Amino acid sequence: MEISAEQLAIMLSTIALVIAVGLYAARSIHSAEGFSLNGRSAGAPLVAGTIAGTCVGGGATVGTAQLAFSLGLSAWWFTLGTGIALILMGLFYAGPLRRTALETIPQFLGICYGKPAGVFSSLVSSIGIFFSAVASTLPGLHLIAAVFGVGHGKAALFLVALVAGYVFFGGMKSAGVGGVLKMLILWLSLCFAGIAAWQGLPEVTVNTPLKEGTLSLMSAGAESIAAGLLSLIVGILSTQSYIQAIFSAANPRTAAVGAFTAALIVIPVGLPCSIIGVYMHAAAPDIAPILALPAYLFTHAGVFIGSVAMGGIVLSLVGSIGGLSLGIGTMLSHDVFAPFFAVTREKRLLLLHRLTVLLVMGLAALFALFAIDSEVLVWNYLSMALRGGGIFLPLTAAVFLPGRLSPRRAVASMLLSTAAAAAAIVCKSSIHPLFIGLITSAALILPKLCKKPPKNNGGILS
C-alpha cells in the first residue's frame, strides 16, 4: 500500500496530538488508585470516553469492514450489539456496581463468594480479555506493516510503543481523555468517508453487482446474528475494562450516564465501516479483506479526510489495546500479584500496575504475531464467550440477588461453565461456546436461585 508524504504527515500528526494530550493528562497521576480509577472522580464524558475508546478498536473498525467485505451490511451488528450491551449496563448494572466503591470485578465476586471465586475470575477474565487485545493487535500489525512497508515484527514494536505512550503513564485518565478526543476524530472522519462510499456504490457496482441481500442487516443469518449479539452483551457486561470505567465514575448516576453516552457514540461507528467494506468488495475484490478500510481511506476518501481517519483508526487500535491491557493489568496486579508478593507501598503498587499493563501489551503483540492471518472478529467473539460463559450469571446474581447463591455453588459454576466453554472451543463444537458455558452455568445456578430466599441475605448490596 503506497501513501504520499502528505498523507503520512497528517496521519502521524493526528496520532501525536491525541497521545500528547493523554501524556499531559498523566501528570496528575501519582497513586495506584489514580492510575487504575482516576481517583473515582470521572465525569460522564470521561467515563464514556474510556468505555467507547476501549470498545471501538480493531473489531469495530478494521474488523467490521473486513467482515462486511465478505458478508455485507450485517457486519454492523458488532457495534450495534456493543451499544445494546452498554445501554443494558447503564440501565441495570452501573448504579449497583458503582455503589460498592470497589475496584475490580474479581474483588466484587471475592467479597460475595469468597477468595477462590475472586482469584479464579481474575485469571479467567484476564484470558478472555486478552483475546480481545489480540483482536485489536492483529489489524494494528497489518496496518502498520502495510503503511510503513516493514515486517510484522517491527510493526509490533512500534504498536507497543504507541500503546505504552497512550496508557502506561496516565492509566485510566489518559485512556479517558484520549478516548474522548480519539472518538471525536474517528466519528467525524468516518462519517464523511462512509457517506462518500455510499454515494459511490452505484458506480462501482455497475461491473461488479452486489449479491442479493448484501445491504440487508440480516445477510449473515438470524442464528449467527443472535449468537454474536448475545456473545457481545454477555461479554461486555462481564469485562473488567468496561466495568472499571464504571468504578471510576464520581457517583452512580454519572456511571449510568457515561454508559448511555458511550452507547450513542459506539453504535454509529460500525455503519460507515460496513458500507466501506461493501464498497471495496465491488471496487477492489482482489485485496486482502483486512485491508479494505485502510485501502479505501488512502485511495478513495481524499487526502485530508482519509489521512485523519487513518490516524483515528490507528488510535482506535491503540486505545482499545491500551484499555483492555489496563483492565487485565489492574486485575492481575490488584488481585493476584500484589497479594502474592505482599506489595503494599503506594509507589510500588503504582509501578506494579504499570509493569503488568506493559507485560500484557507485549504478550498481546507476541500472540498476534503467531496468529497473523486469523480473522479479527473471530477473536472478539471467542473472547466474549470465554469470559462471559463462566462469570456473567454469578456476577448478575451477586448484583441483583445478593446472598442467594452459596460460595461453593458459585465457584463450581465458574469452574465448570468455563471448562465447558473451553472444551467447546477446542472441539470446534457446532454450538456456540458461549451458549454451552451459559447453559452449564444456568444448570448449576438457577435451581438455587429459584428457591425461597433466606430471611437474612447478607449480600454486599443489601
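Analyst: Buried means under 20% relative accessible area, exposed over 50% and partly exposed in between (1.4 Å probe, protein chains only). This is a predicted model, in which local features need pLDDT of at least 70, side-chain atom pairs count only at pLDDT 80 or more, and totals for chains, interfaces and linings use all residues. Residues are numbered from 1 along each chain as its sequence is written, and side-chain values use heavy atoms, with hydrogens and water left out.

User: Is phenylalanine 340 buried or exposed?

Analyst: The relative accessible area of phenylalanine 340 is 67%. Because exposed means over 50%, phenylalanine 340 counts as exposed.

User: How many residues of helix 3 are buried?

Analyst: Helices (H or I, at least four residues) are DSSP runs, numbered from the N terminus. Helix 3 covers residues 44-55, and its buried residues include Leu46, Val47 and Ile51. Helix 3 is mostly covered, the number of buried residues being 11 of 12.

User: Which kind of aromatic pair do tyrosine 279 and tyrosine 296 form?

Analyst: Rings of Phe, Tyr and Trp (its six-membered ring) pair if their centres lie within 6.5 Å; planes under 30 degrees apart count as stacked, over 60 as edge-to-face and the rest as tilted. For tyrosine 279 and tyrosine 296, the centres are 5.3 Å apart and the planes are at 80°, so the pair is edge-to-face.

User: Which helices hold tyrosine 279 and tyrosine 296?

Analyst: The pair ties together parts that are 17 residues apart in sequence. Tyrosine 279 lies in helix 12 (residues 252-283) and tyrosine 296 in helix 13 (residues 292-299).

Methods
Helix = DSSP H or I, 4+ residues; strand = E, 2+ residues; numbered from the N terminus. Expected span 1.5 Å × (residues − 1).
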